[in-house]
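Here is a friendly walk through one model, chain by chain and contact by contact. Have a look at it first, then read on.

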Amino acid sequence: MNVKHFLIAVLCVLAGPLFAQGFAGLGTDADGFSTPTRGTELTFPEDHGAHPDYRIEWWYVTANLKGEDGKDYGVQWTLFRSALEPQTKDGWQDPQIWMGHAALTTPTRHFVAERFARGGVGQAGVTATPFAAWIDEWQLAGPEIGSVNMSAQGTDFAYELSMTADGPLVFQGDEGYSVKSASGQASYYYSQPFYRVEGTLFLPEGPVKVTGSAWLDREWSSQPLSDNQTGWDWFSLSFETGEKMMGFRLRQTDGAYYTSGTWIAPDGTPSPFGDGVFKAVPQGTARVKDKDVPVEWRLTLPDRELDVAVKALNPNAWMDTAFPYWEGPVMISGSHKGRGYLEMTGYD
Amino acid sequence: MIRPTLQALMSHWRAQPLQCLTLILGLALATALFSGVQAINSEARSAYAQAADAVSGPGAVLERADGAPIEQAQFISLRRAGWMVSPVIEGRTRISGTQIRLIGIDPLTAPQGSRAGQAALSQEDGTGFLSGGTLFAAPNTAAGLPDAQNIRAIEGLAPGLVFADIGVAQEMLKRPGEFDRLLLADEQPLNRPQLAEIAPELQLRTGGTEGDLARLTDSFHLNLTAFGLLSFAVGLFIVHATIGLAFEQRRAMFRTLRALGVPARLLVTVLLAELGIFAVTAGLIGTGLGYLIAAALLPDVAATLTGLYGANVDGSLTFRANWWLTGMAIAILGTAVASTNSLQKLARLPVLAPAKPRAWVMASDKTALLQAGLALALLALAALGVIFGRGVVAGFATLGALMIGAAFALPMILRLCVGLAARVAKNVKPQWFWADTRQQIPGLSLALMALLLALATNIGVGTMVSSFRLTFTGWLDQRLASELYLRASDAEQAAELQTWLAPRTDAILPLINTEIEILGRPAEVFGIADHPTYRDNWPLLERLPDVWDRVATGQAILINEQLSIREGLRTGDTLTLGPDWQAEIAGVYSDYGNPRIQILLNTDAMDARFPDLTALQFALRVPPDQTQPLMDALNEKFDLGPDAVIDQASIKAFSLEVFERTFTVSAALNILTLSVAGFAILTSLLTLSAMRLPQLAPVWALGMTHATLARLELLRAVLLAAMTLIAAVPLGLALAWVLLNVINVEAFGWRLPMYLFPTAWLILAVAALGAAVLASLWPAWRLYRTPPAHLLKVFVNER
């Protein structure tokens with residue numbers, strides 16, 4: 001329980017009252033952390049690296065895979081960075097804390113592993129050129145971000161995947177400035193949803209060769225949620241048409257929602273849509289770890305004539321980590337068909 | 001039917017409130033001593049577990065084989081190869097002038113169960129630990145450092161340690177980039193390379209150093225447990241006697257109840273319920289008392305453990321539900337054991353059998369024979385144990401066999417003595433007295449056995465402690481020959497001190513030490529200079545002719561008695577100390593109070609073997625009258641801590657204090673056991689006196705007065721106690737011999753000469769006889785005050 005509290009505080013993913021100081025409006029908050037400002041142009045490859053002056057940041061990969069055995073699989077690889085102070089220092093004094101989550105989902109099982117590390121000593125970190133993100137032996141590294149190897153393991157599973165991007169980076173929101181609440185909380189957010197993947201999963205039953213697609217999300221900010229937000233439901237969907245969509249629904253204490261997202265054309269051209277356009281309605285829940293988690297959804301986006309049912313490949317994809325949440329592969333049916341990933345926080 | 005039956009049975013206790021009290025008190029005392037000892041043991045064990053958890057974790061550890069520090073880069077390589085390890089650094093330093101043991105941990109990688117790791121990541125406690133330099137310590141430890149600003153008290157941490165973040169600790173210990181060991185998490189990922197591929201210098205060790213601590217202290221706790229069990233056994237004697245009495249006295253009532261139609265089964269059930277109530281009441285009182293005993297003794301135990309083994313145990317007691325339940329269970333189990341006999345008899349009682357109140361007292365000859373056989377078998381077992389036994393547990397088993405065997409032999413011996421006396425007696429009165437005494441022995445035998453055990457333990461433990469003290473003080477005088485002992489905080493200060501001291505002292509003897517592994521065990525290595533201080537004084541038990549010349553060459557070493565006994569090494573043997581290091585054993589020295597094995601070698605040889613070591617400790621030879629001025633000057637000139645300079649007298653005083661405290665607990669338990677035994681005699685005599693009226697009445701009718709009868713009763717008790725005392729002396733000495741030559745050797749690795757202390761026996765004799773007189777005074781007085789009508793009734797009333 002204690003560990004969890006700490007992490008909630010540190011990661012402030014659901015921070016609420018703990019970091020309720022709001023925006024100072026000058027690009028820094030009360031503790032000296034930078035805050036995102038609209039109109040800032042992202043520069044690469046530098047922005048693939050870490051931004052220690054922001055409170056939180058992540059490198060988030062989800063992959064929908066098909067095995068030689070014909071089964072569907074999902075893989076997650078995430079590196080979180082969380083800063084106690086807006087700076088880096090050498091050695092153990094470094095206030096940058098790193099956390100890694102890895103998961104492998106099969107139709108019947110869900111494997112999870114978690115790692116913690118401190119920056120400054122080399123146990124975890126991210127470099128922009130050549131691109132490498134790592135914690136312990138887990139890594140997401142390549143010569144550059146368009147061509148990376150991704151590996152992670154736990155006590156009972158492992159995966160080694162190589163990923164090649166077939167399309168451009170996609171900026172979410174307003175050129176990478178993604179608003180997260182009606183009161184203006186925002187983050188920098190871009191994606192690479194065009195990875196082609198091949199590699200091997202190591203399961204207790206033995207290795208399985210897989211191919212498929214992966215989606216990288218990069219996001220950093222100092223306060224992504226406002227006080228009255230309790231959690232989110234976030235979708236990354238790849239349709240058979242080659243189109244893709246990212247959409248999220250932020251749940252508020254008053255029962256209302258803030259929704260946002262981006263429609264991505266097959267060539268990578270993003271069309272962001274604002275609050276209220278995208279609708280996500282739970283259709284069915286599953287009892288996971290004594291919690292009712294909505295694992296079946298109806299998603300609509302009238303602009304694109306989207307009306308689909310989204311269903312978890314494995315409803316038990318609970319991330320039983322120090323900071324628990326639900327994350328797993330989903331299958332799409334209805335007006336559009338395809339596969340994707342769903343992340344739900346705040347149900348614990 | 002249950003209610004009236006229960007009411008009828010309970011009416012007995014209303015009539016006999018004293019008996020009721022005795023039963024409860026006896027059981028409570030037994031439970032109290034047993035559970036008190038258990039509480040002490042579990043407190044100490046949990047402290048070891050906490051320490052183990054804090055320092056090296058319960059699991060495996062990676063260390064460098066040569067004991068050198070681990071480089072930070074190596075930790076990173078291991079993590080990046082998939083080895084789930086967490087760094088630990090450990091050392092002594094000062095916080096606002098107080099010497100502390102500092103443990104540096106990395107909360108982010110610390111194994112799951114690490115209390116400090118958890119606290120560091122918790123929102124309430126963790127603030128500032130990771131990046132603010134906040135330190136953690138157990139509440140008592142933190143309270144001992146009132147001047148420290150940034151220390152936070154955390155419940156559940158191992159006492160005596162201060163925790164810091166790994167980086168903070170490296171800085172405080174001035175050891176940047178270094179670790180002492182890496183803790184290996186229980187769960188490791190699926191694929192990882194062999195250790196040899198990444199860090200060939202590191203080796204895996206399962207079970208931390210505190211495992212050693214648990215092993216070392218095991219014998220100490222076994223010792224306490226043995227005492228607890230002994231007291232419990234003695235307490236059960238009381239309970240057995242009281243329950244027997246209560247059943248005997250109610251025989252008539254049982255018969256009436258059965259005749260009125262109460263089934264035997266119901267009667268037994270109701271009696272069981274009654275006993276259950278007693279057991280629970282006594283258990284509640286007993287565990288309460290046990291807690292008080294433990295709380296009172298724990299500070300001494302803690303001091304002993306710290307002094308003897310360097311184990312940190314908090315002086316305060318934690319209440320554990322587990323412990324309490326065990327105590328209650330023991331009380332109930334004890335009642336069950338003590339009452340089985342009586343209940344069995346009752347269940348088999350024919351409905352209208354004439355009550356035979358004497359049946360219980362008149363233990364048949366068959367029982368006596370059985371006891372004698374058992375006694376012989378146990379004593380034979382004890383003899384075999386002395387000859388063939390190995391290990392502490394075997395030692396205690398031998399001890400147990402000896403004590404119980406002797407206890408069983410006691411009634412036989414007493415009967416023989418009394419029989420002999422009866423044959424010698426000429427007059428009717430003495431003849432009756434001896435005959436009457438003889439037939440009382442079965443009834444009193446349990447109480448007398450308890451007395452024998454208590455007395456023998458007293459003599460045995462007393463002899464051991466006094467022998468040890470005598471040897472120990474002599475040994476301290478030899479061992480601590482230098483006038484001053486000095487510790488520098490670092491190499492730089494050590495060099496400064498040496499330069500400054502050179503013209504002011506007769507000799508500066510550096511003391512270098514390190515740890516190596518000898519025959520698979522961790523061992524201490526000390527370097528000592530070739531100097532008359534050692535040549536003239538060092539307490540050698542065995543030696544080659546020119547022992548010091550041999551050691552001076554660096555080719556030969558001295559080993560402590562512990563190593564000699566454990567590995568069967570003698571002078572002249574050759575000991576392998578490393579791959580290319582063998583040395584002749586030139587002598588064996590006594591090393592009391594040290595739980596570890598140790599070797600001594602010449603300083604120059606030490607320098608050659610361990611070039612990285614610098615002497616930080618020194619023994620100084622100065623004229624005795626210069627000691628105090630030099631100490632003052634040292635403290636004035638150098639920034640030394642409060643304990644950095646110690647004179648010989650202080651060390652001796654401290655060592656003796658540790659020694660005395662070690663045995664405070666034994667002494668306290670000893671006295672308690674003796675009082676319990678005294679109580680056992682009282683209850684047995686009360687039991688007998690009530691039943692003996694039918695035997696005394698005829699004697700009274702024949703003309704012997706009340707007063708004479710009472711005097712004879714008193715005399716009998718004293719005589720029996722005296723005989724038991726005489727039997728207890730050889731038994732106690734046998735016990736002392738086993739303690740000194742078997743238990744001590746197995747548990748601590750040293751053998752001690754045995755000295756006899758007859759004055760102590762005399763004091764004990766007075767105490768024992770006094771207890772017997774006190775215990776029999778009341779029954780005798782009751783007899784004296786018995787109205788003649790009461791005695792006459794014996795003839796009227798057939799019962």
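What share of the contacts in chain B with a separation of 6 or more comes from residues 24 or more positions apart? The share is 82%, where a contact means that two C-beta atoms, placed from the backbone, lie within 7 Å.

## About the model

This is a predicted model, in which local features need pLDDT of at least 70 and side-chain atom pairs count only at pLDDT 80 or more, while totals for chains, interfaces and linings use all residues. Residues are numbered from 1 along each chain as its sequence is written, and chains are lettered from A and ligands numbered from 1 in the order in which they are written.

## Chain B

Chain B has 25 helices and 20 strands, taken as DSSP runs numbered from the N terminus (helices: H or I, at least four residues; strands: E, at least two). Of its 799 residues, 43% are buried, that is, with 20 or more other C-beta atoms within 10 Å of their own, the C-beta atoms being placed from the backbone.

## Where chain B meets chain A

On this interface, 23 residues of chain B contact 27 residues of chain A. Helix 3 (72–80), helix 4 (115–121) and helix 6 (166–172) of chain B each give two or more residues to the chain B side, and helix 3 of chain B gives the most, with 4 residues.

## A loop proline in chain A

A:Pro107 sits in the loop between strand 3 (96–105) and strand 4 (110–118) of chain A. Leaving aside residues up to four places away in sequence, A:Pro107 touches A:Lys71, A:Asp72, A:Leu313 and A:Asn314. A:Gly74 is 33 residues from A:Pro107 in sequence, with 8.9 Å between their C-alpha atoms.

Definitions and conventions: Buried ≥ 20, exposed ≤ 12 C-beta atoms within 10 Å, placed from the backbone.
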